[in-house]
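Good morning, and thank you for joining. I would like to take you through the core, the ring pairs and the chain interface of one structure. Please have the sequence and the model before you.

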Amino acid sequence: MADRKTEHLPGAGASLHHYACGMLLSVILTVAAFALVMTGALPRNATIFVILVLAAIQIFVHLVDFLHIDGSLEQRWNVYAALFALLVVGILVGGSIWIMFSAHERMKPDMPGMTMPPETF
Amino acid sequence: MTIPLDLPEAHSVHAPQHPAAAVDDAELTEKTVFGFWLYLMSDVVLFATLFAVYAVVCRSYAGGPTGRELFDLGFVLAETGVLLLSSVTFGFVTLAAQENRKQAVFLWMAVTFVVGAAFIAMELYEFNHLIEEGAGPSRSAFLSAYFALVGTHGLHVFTGLLWMIAMIVQMARDGLTAAVHRRLGLLGLFWHFLDVIWIVVFTEVYLIGVL
């Protein structure tokens, strides 16, 4: 279907099938995540793990069906940029959580370390 | 004095369609799409910062209300459905543009605008409701981070709506030129990207928030 004007655009490989498939999968994944939390069917930690997995799958579905990332050679620089962004996100989010929760643990008032002289740190 | 920054695009609109112009357009499109993709990746980093802040302070209630007390999951599910629907209706814009069906592009763009505006309206209602309950952004670190994160996403969606109005005006004025096709493609990337960010928002903020 694509003519000269649209062949290099992000949606150039898109078809109705992509959007129908993306919509259906997204509805299933979203409803499953909400249902798990609203019914409390699983223990808390198991629920968190499952909804994180469902979110990751849904992000993948959106990338393929809506943003049309297909791993073709034409898109390799887009994928490299995305991987680099992902690395930065990992450092940023993982690092923040690690540092702040570690600091939180260390600053608990009943921690034995608090009674130690400062030079032992 | 106007500086002709837009020169290649102006060229493609007015020049007759000879092969050299088509090749220029193709190259320009590829570069523009990649440049816009880099912008989206920097936006990923912006949202990652806000997500990191939220993750750090999400239990710092300062004696105020918790996510479990505040969030109405049924309402959030409806918001999620509305945003997903707008992503699909924008898909129809992309399909119509590929086939150069101008009327269909107008129609689906208008539908996407209305659905997107409904999402913003729901979000404003939710914010207003929280502030009226005394759970505004200044109540606790948790609520500051919540309003910053969800508000930044909403601001992006609102910008997308303004962009849609601009595209409707440009299509009415110029028709489906190469430049209009290119901008429609970028707007599509932007719009679907915001739906991806929302997946992380409803999972991290709302679902984990009430657990």
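Let me begin with a term: a nonpolar core is a set of buried Ala, Val, Leu, Ile, Met, Phe, Trp, Tyr and Cys residues joined through side-chain atoms within 4.5 Å. Buried means under 20% relative accessible area, exposed over 50%, and partly exposed in between, with a 1.4 Å probe and protein chains only.

This is a predicted model, in which local features need pLDDT of at least 70 and side-chain atom pairs count only at pLDDT 80 or more, while totals for chains, interfaces and linings use all residues. Residues are numbered from 1 along each chain as its sequence is written, chains are lettered from A in the order in which they are written, and side-chain values use heavy atoms, leaving out hydrogens and water.

The largest nonpolar core has 84 residues, and among those with the most contacts inside it are Tyr54(B), Phe71(B), Tyr146(B) and Tyr206(B). Elements giving two or more residues to this core include helix H1 (16-39) of chain A and helix H6 (141-174) of chain B; helices here are DSSP runs (H or I, at least four residues), numbered from the N terminus. H7(B) gives the most to this core, with 20 residues.

Which residues does Tyr146(B) touch, leaving aside its neighbours within four places in sequence? They include Phe71(B), Glu126(B), Leu130(B) and Val205(B), where contact means heavy atoms within 4.5 Å.

I turn to the aromatic rings. Rings of Phe, Tyr and Trp (its six-membered ring) pair if their centres lie within 6.5 Å; planes under 30 degrees apart count as stacked, over 60 as edge-to-face and the rest as tilted. Over all chains, the structure holds 20 aromatic pairs. The rings of Phe34(A) and Phe202(B) have centres 5.3 Å apart and planes at 40 degrees, so this pair is tilted. It crosses between chains, from helix H1 of chain A to helix H7 of chain B, and both Phe34(A) and Phe202(B) are buried.

For Tyr146(B) and Tyr206(B), the ring centres are 6.0 Å apart and the planes at 85 degrees, so the pair is edge-to-face. Tyr146(B) lies in helix H6 and Tyr206(B) in helix H7 of chain B, so the pair ties together parts 60 residues apart in sequence.

Finally, the interface. The contact takes 49 residues from chain A and 53 residues from chain B.
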